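Open the model in your viewer and keep the selection tool ready. The stops below go one selection at a time.

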Amino acid sequence: MVTAEIRSLVGRIGRFDAIVLTSGLWFLSKFVRFAFPPLFERLGRVYGVSPAVLGGAFSGLLMVYAAMQFPSGLIADRVSSVAVIGGGTVLAAVGALALAVDSPLVVLVGAMLTIGAGTGPVKTVGIRVLSRTYPRQTGRALGVFDTFGTLGGAAAPAAVVLFANAPGVVGAGWRTTFLVAGIVGICVTVGFVARVPRRLPDFETDRDDTETTVPIREYGALFREWRFSVFVLVTTLFSFAYNATLAFLPLYFTREAGLTTTTASLLFSVLFAVSLVQLLTGEISDRTGALPLVALTVGLATAGLGAILLLSDAAGPLMLGGAVVCLGLGAHGYRPVRGAYLMSVIPTSVAGGSLGAVRTIQMVAGASSPALVGVVSETAGLRPAFWILTAALLVATGLSVLLWVFDSA
């Protein structure tokens, strides 16, 4: 009896191996990418280069990462999602391990580009894996997935500080960050490749050479459906507004709200502290549908950013903090719902490539917005720039409500 109960418990726990392993790889992908910015000052001294050089290298990492979205999804549709993610994370681990020992600048740049390429497939193809593995709990699974990623980005600066102040293993102390990330990445990838194929439908693991290849034009056919294109516009406007907000919010607090640098940093941290809401919104979307929550979360983010602007002159840190919480709940809560909706409307045969195309559009918009805000802030000021971002979110909210109304009709 006891043995049977133990086996039943192990079986229930085993159902979650796919989400734990896939989310673990997303955690490591975000971790290894965002370990670089906290090291810029140290890297500048070690290699004798300017911040412009390091910034250019990091931009190269992000550009390679963005460029991998569509092709990795396309390959996943034709070959295997597990193979694409596994190959990418091994490549990223190799890039990380290359930084574990003292090496010249060209190795640093090459490793950064390798990490960008290797981590590129994880989010796009990972969403595909989880939506196929947990079709009835896609929102919940993506909530866990996105939360792991957020924690990975948040953990990177702390790990850099920890290892930088400790004796190195095979190189300088800060290099241990990449040594650990590389080793753990390989170990988790082995577990992922070994366990996850068992959880996927047969079509995902037993492809053969006679299977019909989906024509490239099929990936563009989705965009001719107005509801899909409008939703892509919603996600693009959100990425445009949110990325620029992340880049300039601390500066806005010091320049426009008159806060100290320390207080501005604390309020900025609050934005990430509420990221666990992703678990809740993902769960709710499985029960109520995605579009109502898309409208609610984007609207909440719009209200939060608008409140920050309206309260800048009169409110203190406490009220501004409440507005930041509102912004964070909406922005983080939106992510798993967005993924759940896309995977519910994209046909399985083109899921990887189509999601990759959407993510490429989002990332290009997100990458361009900080530059635009920088230009506007120099000519008109930060506040007008932030009103542009708020307007983008307001339009996204209106379009989300429009989709919800037509979906309910």
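**Helix 7**

Select helix 7: 22 of its 29 residues are buried, so this helix is largely enclosed by the rest of the structure. Buried means under 20% relative accessible area, exposed over 50%, and partly exposed in between (1.4 Å probe, protein chains only). Helices (H or I, at least four residues) and strands (E, at least two) are DSSP runs, numbered from the N terminus. This is a predicted model, in which local features need pLDDT of at least 70 and side-chain atom pairs count only at pLDDT 80 or more, while totals for chains, interfaces and linings use all residues. Residues are numbered from 1 along each chain as its sequence is written, and side-chain values use heavy atoms, leaving out hydrogens and water.

**The cores**

Next, select V196, F253, I308, F386 and L389, which have the most contacts inside the largest nonpolar core, a set of 82 residues. Such a core consists of buried Ala, Val, Leu, Ile, Met, Phe, Trp, Tyr and Cys residues joined through side-chain atoms within 4.5 Å. Helix 12 (residues 226-255) gives the most to this core, with 15 residues. Another core, of 25 residues, lies apart from it and includes A35, L43, A57 and I115.

Finally, select C187, which counts as exposed at 52% relative accessibility, and C326, which counts as buried at 19%.
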